[in-house]
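Trainee: I have a new model open and want to learn to read its packing. Where do we begin?

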Amino acid sequence: MRVFRGHSRPVPAPVVLAIGNFDGVHLGHAALVGRLAEVAGERQLAPMVLTFEPHPREFFAPQAAPARLSTLREKLELLADSGARQAMICPFNARFAALSADEFVEQVLVRGCQVRHLIVGDDFRFGQGRVGDYAFLQQAGARHGFTVEAMGSVTVDGERVSSSGVRRALAAGNMEHAARLLGRPYIIDGQVSHGQKLGRQLGFATANLRIKHNPLPMTGVFAVEVSGLGAQPLAGVANLGVRPTVGGTRPLLEVHLFDFNRDIYGAHIAVRFVHKLRDEQRFPTFDALKAQIAADAAAARAFFSL
């Protein structure tokens, strides 16, 4: 995927464009990007997505912003997998937030993106005061020479697929329902880094990933599958949280892979959360923690029938 940062320099050629926050890249987002790729193919133009960093709600109300489902890198990887070939990342700051709806159309869509066809969700709003909507875009398109279409909602078992719905499922520990809304298990990826080596002392060596999601969309102990280390995903057990028993304060993802003994420091891996085993908790002693980790590993092995 080719990535453009900001809209001040125009993209090299006209595009078919989809706009959204795309947090988590769930089934609704995937359907929108799939339609983007289809129209781009018909018109022989590049399929491009436009997204924002940070999430607008993080800019306007940082203390009340929802937990992020995906980092920027994860989001771009998932959008590329869905069919996007270019992405424009607009920094959502005070200057950007102050753009009127007309300025957004003229500066971002027309000059920056050279848009020829635009696809948005049916609830998309934009511009200072959120005055821009689908009708506004249709009128602007007639003036500036681009067409517009709105994507309807995608539903699963009667539920509208949304990032909020995914967050609720994750917070409730329902990995299976989150996967139905996402179209795949929930994933966190990152580079394996050196930790305190506490896992070795506990008899369960772990691959540690520093977490950029803040706040976390969930915490706890999970049965997981890890890709990036071979042709097939590897099964394991993982703790996502702050590790209260050992005095942790920063979020960390610790993954113990079953029947695996390789040095993987520096490797970039993707961790798929397929089933929640329990909430994260503080244990009274190191020995109690060690016993619980052994029980967690046994439960995860049983889940995978290993």
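Mentor: Start with contact, which means heavy atoms within 4.5 Å. Two notes on the source. This is a predicted model, so local features need pLDDT of at least 70 and side-chain atom pairs count only at pLDDT 80 or more, while totals for chains, interfaces and linings use all residues. Residues are numbered from 1 along each chain as its sequence is written, and side-chain values use heavy atoms, with hydrogens and water left out.

Trainee: Which residues does L240 contact, leaving aside its neighbours within four places in sequence?

Mentor: L240 touches I188, I211, L216, M218, T219, G220, F222, L252, L253, F273 and E280.

Trainee: How do I read a nonpolar core?

Mentor: Take buried Ala, Val, Leu, Ile, Met, Phe, Trp, Tyr and Cys residues joined through side-chain atoms within 4.5 Å. Buried means under 20% relative accessible area, exposed over 50%, and partly exposed in between, with a 1.4 Å probe and protein chains only. Here the largest nonpolar core has 31 residues, and L240, L253, V271 and F273 have the most contacts inside it.

Trainee: Which elements give two or more residues to this core?

Mentor: They are α7 (163–171), α8 (175–182), β9 (186–193), β10 (207–210), β11 (220–227), β12 (234–241), β13 (252–257) and β14 (268–278). The largest share, 4 residues, comes from α8. Helices (H or I, at least four residues) and strands (E, at least two) are DSSP runs, numbered from the N terminus. A second, separate core of 30 residues includes V11, F104, L109 and F136.

Trainee: How do I describe a helix pair?

Mentor: The axes of α5 (residues 101–112) and α6 (residues 134–144) come within 11 Å and cross at roughly 55 degrees. That makes α5 oblique to α6. Under 35 degrees counts as roughly parallel, over 145 as roughly antiparallel, 65 to 115 as roughly perpendicular, and the rest as oblique.

Trainee: Which residues make the contact?

Mentor: From α5, A101, D102, V105, E106, L109 and V110; from α6, F136, L137, A140, R143 and H144.

Trainee: Is Q232 buried or exposed?

Mentor: Q232 is exposed, with a relative accessible area of 58%. Q232 lies in the loop between β11 and β12.

Terms used
Axes are lines fitted to C-alpha atoms, for helices over the stretch in contact, and angles run from 0 to 180 degrees between N-to-C directions.
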